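The following paragraphs lead through one protein model, from its overall composition to individual elements. Please keep the sequence and the structure in view while reading.

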Amino acid sequence: MRWDRFRVLCLGFVWCWVFVSVLGELGNPYKNLGVSPTATTAEIRTAYKALVKEWHPDKSKDPNAADRFVEIKQSYELLIDEYRRKLYDQKGITEDAFHKGDHPSHFQPFSATQGARFNFHEEDIRFFHELSINTRMFDTVILPASQTKPYLIFFFADWCFPCLQSARHCRVILDAIKPTGIDLVSVYANREPTVVRRLNVPSIPCMVLLVDGNSYIYRDGITKYSKLYDFIKKKLPYKLVPTVGVDNVASFLNGWTDNRVRGLIFTQKPKRQFYFLATAFRFRQRVAFGFAESQELFANYKVPLNMDTVLLFNENASSPVASITMEQIPINKLHAVVSSNLYLALPRLSSQNLLDELCPSGWSKPKMKICVALVTEESSEHDLHRKAFRQYAEQFPKGHKEKVQFTYIYHKRQAHFINALRPNDQFVEPLLRILLFWRRDNSLVKYEWSPVKWEIENHLNNSHEKLAETILRLLKSTENFQYEAHVTDLFDEHALTLLKKIFFRITQYIELAYDSLGKEQVLPILSVLGSILFILGIGYLMAHLVEQEEENVKKMRASDKSGNNNNNSKPSYQPELKLHDFRSESYNALVRMLKPGCRTVLLILDMQSRQQLIPQFHRAVWPYRKNKTLNFAYMYIEKGLAWYKDLLQVSLFEETELNINPRNCVGTVLALNGHRKYFCVFHAKHREKKKKALKKIEKSKDAEKDCESGAFIGFNSESDSESEDVLLEGALLDGLSNWLDRLFEGSTQRYHINYWPEFPIKKLDHYQTPSALA
């Protein structure tokens, strides 16, 4: 108990010391600024600016100017903040927390009764809940209003520390943009996921700008106010407020043919230009604003340099119809002045919205408003008629102007509307005639045509007096219009063309995609697009190569046909597969100098069997013609008998005198591997057996001989015995195709040698014919 009392006394002493020290340091902020406790924010701001100019250390010579300047600044910061000012008025607290420094503490000391408590003050999440909107309010209020008013939407969530830190900055932004006409609202992301999804919010917290129904995500820090202002300026419509100088002021003011009033904004403060952007966006359909940048314009229109001025012009560019000049123009007064001068002296009926604004529908006579429209062509020939009609409208009695609206309309552009108001019982030429009508509702119209055409000079047909008589007659409650008709909406002359709409939509989608996508989404998309482009490029290249190949084949066939037509003789056979002549000149190239992996397939024949064996050999090796590792050749046994005998001799394990019958060697095929020094042999009479069959070879002399013994090669003395079968020349290469398959599989018998024997260079002096050798 004693310890609790002592701790309570210590804490009370600390609280009193802090309270006294804080008050002693800052004093009374109202006295420091010289304002009353009931002073408004505008009065506090005005007093602060005056004192800052007086006590600035660079301008004041007082030695205490620096301390006085800091005191004024701290007092202003306290009173300009509603929460801190309220805290001071109720409890006399002048700081956010009880410590010195720029960053306030969010943790209060322990209390004997309450314990520890967190305190965020400005960062309190309740600030966002006060500004929060739901999905229904977004669809019914915010989204339609964004066509005339930009909105900053801040997305927050509970237990979001960055959201709490952003509260103070959002207060500053709200105070800064609210005078400009831009508003700030918030969305509770946990409760309104539909809005989060529709605006493509990437993370929480997030600031989104809503302009004309389009959302743009602000990705820079919320503390960077200048970047936020630049972001808003860039997202407003392109060239919303252009700069106007002496050279283009006349063309700017005379551009009212687009049916819009002209407004000149005079300000010497570049930062104040942002103040007028929201107003220009709000009234962009009816007023075209421009920033006056030349000092000569200030002098020509007698505008003070130290104040903001807005001048509004109609068809008369020499003098403005309305003006407002103040040091800081309140947004409400600016909107009131512009709203009361939205239309030209003689506006054109160019859209249904403008017709609804100028000539609203009214069922009863007291609410009736007569629309008096001059029908003209869109050409300079009728400029004088429109000018005379405008002067007539300006001189019309003011007492009836609330009931009468003077306008003009283009005949060709609004032909459907005008033709619907032509009476059936009489012919009326609408050009340069006055149409008087009263809209009972959106489609039902009572109308009447003036009896004569409108002339520039009144004395020609008294058209001015007759029009005045007709208007005054129709304004009486007892008079009615002659005709009644149902009409459709007016054609919107300001609408974009189809190409412009497509271009605008494409640029809009690109801009939205650029703002919405981050690095996490852009890199996968670029990867997919790159892959698709690569596949398409490879496919196009392959198709192009195939097309070129087909063209080359067609050209070759065409050249062959032309050659056949030019030569009556039968064309020579030129096979695509080349068969080399195996002799001394080609021996080194076909055998000894072969690259690793290359082989030569050699056919042994004689002069008598050439015509029959070469076509069969050609058909057997044709499937392998595109294999660049293979060479195909033939050798006459008469020329290479000595080399063949030496080749067989070096392949035997023991030296044996061979007695070779050249006739038995015809039809033999050798596969020569020059680099590995081995060869494989094919002969139709003595074919290779499988390994299992080699184990069952009989020891008797009548048994079939093994291929490895070399008996089938033709040097056995008993090879011509009567017991052996006789093969015809046409059947010598019957099994060559199967043997080639086994050759490339590696299952044929290989005969390794130590070296390749020399091929005889000179012919034999005493040539022995095959019959003599036999």
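A residue is called buried when its relative accessible area is under 20%, exposed when over 50%, and partly exposed in between, with a 1.4 Å probe and protein chains only. In that sense, buried residues make up 41% of the 774 residues in the protein. The model is predicted: local features need pLDDT of at least 70 and side-chain atom pairs count only at pLDDT 80 or more, whereas totals for chains, interfaces and linings use all residues. Residues are numbered from 1 along each chain as its sequence is written, and side-chain values use heavy atoms, with hydrogens and water left out.

The protein has 27 helices and 22 strands; these are DSSP runs numbered from the N terminus, with helices being H or I of at least four residues and strands E of at least two. The accessible surface, computed by the Shrake-Rupley method with a 1.4 Å probe and, for residues, with only the protein chains shown as cover, comes to about 46,800 Å². Carbon and sulfur atoms account for 54% of this surface. A contact means heavy atoms within 4.5 Å. Among contacts between residues at least 6 apart in sequence, 72% join residues at least 24 apart.

Two strands pair if DSSP finds at least two bridges between them; strand 5 (residues 206-211) and strand 6 pair in the antiparallel sense over five bridges.

Helix 12 (residues 273-282) is largely enclosed by the rest of the structure, because eight of its 10 residues are buried. Among them are Phe274, Tyr275, Phe276 and Phe281.

Glutamine 405 belongs to strand 13 (residues 404-410). Its relative accessibility is 16%, so glutamine 405 counts as buried. Leaving aside neighbours within four places in sequence, the contacts of glutamine 405 include Pro347, Cys359 and Cys371.

Leucine 536, in helix 20 (residues 519-566), has a relative accessible area of 55% and is therefore exposed. Leucine 536 belongs to a nonpolar surface patch that also includes Val522, Ile525 and Leu533, with about 830 Å² of accessible area together for the whole patch.

Another part of the model holds an open sheet of six strands in the order 17-19-18-20-21-22, with mixed pairing. Its edge strands are strand 17 (579-581) and strand 22 (751-752), each of which pairs on one side only. Strand 18 (residues 599-605) and strand 19 (residues 630-636) run parallel and are joined by seven bridges. Leucine 605 has tyrosine 636 in strand 19 as its bridge partner. Helix 23 (residues 637-651) packs on the sheet, and its direction makes about 115° with that of strand 19. Helix 26 (residues 736-745) also packs on the sheet, at about 155° to the direction of strand 21. These angles run from 0 to 180 degrees between N-to-C directions, with axes fitted to C-alpha atoms, for helices over the stretch in contact.

Methods
Patches are made of residues with over 30% relative accessible area and no salt bridge: like charges are joined within 9 Å, nonpolar side chains (Val, Leu, Ile, Met, Phe, Trp, Tyr) within 5 Å. A salt bridge is a side-chain nitrogen of Lys or Arg within 4 Å of a carboxyl oxygen of Asp or Glu.
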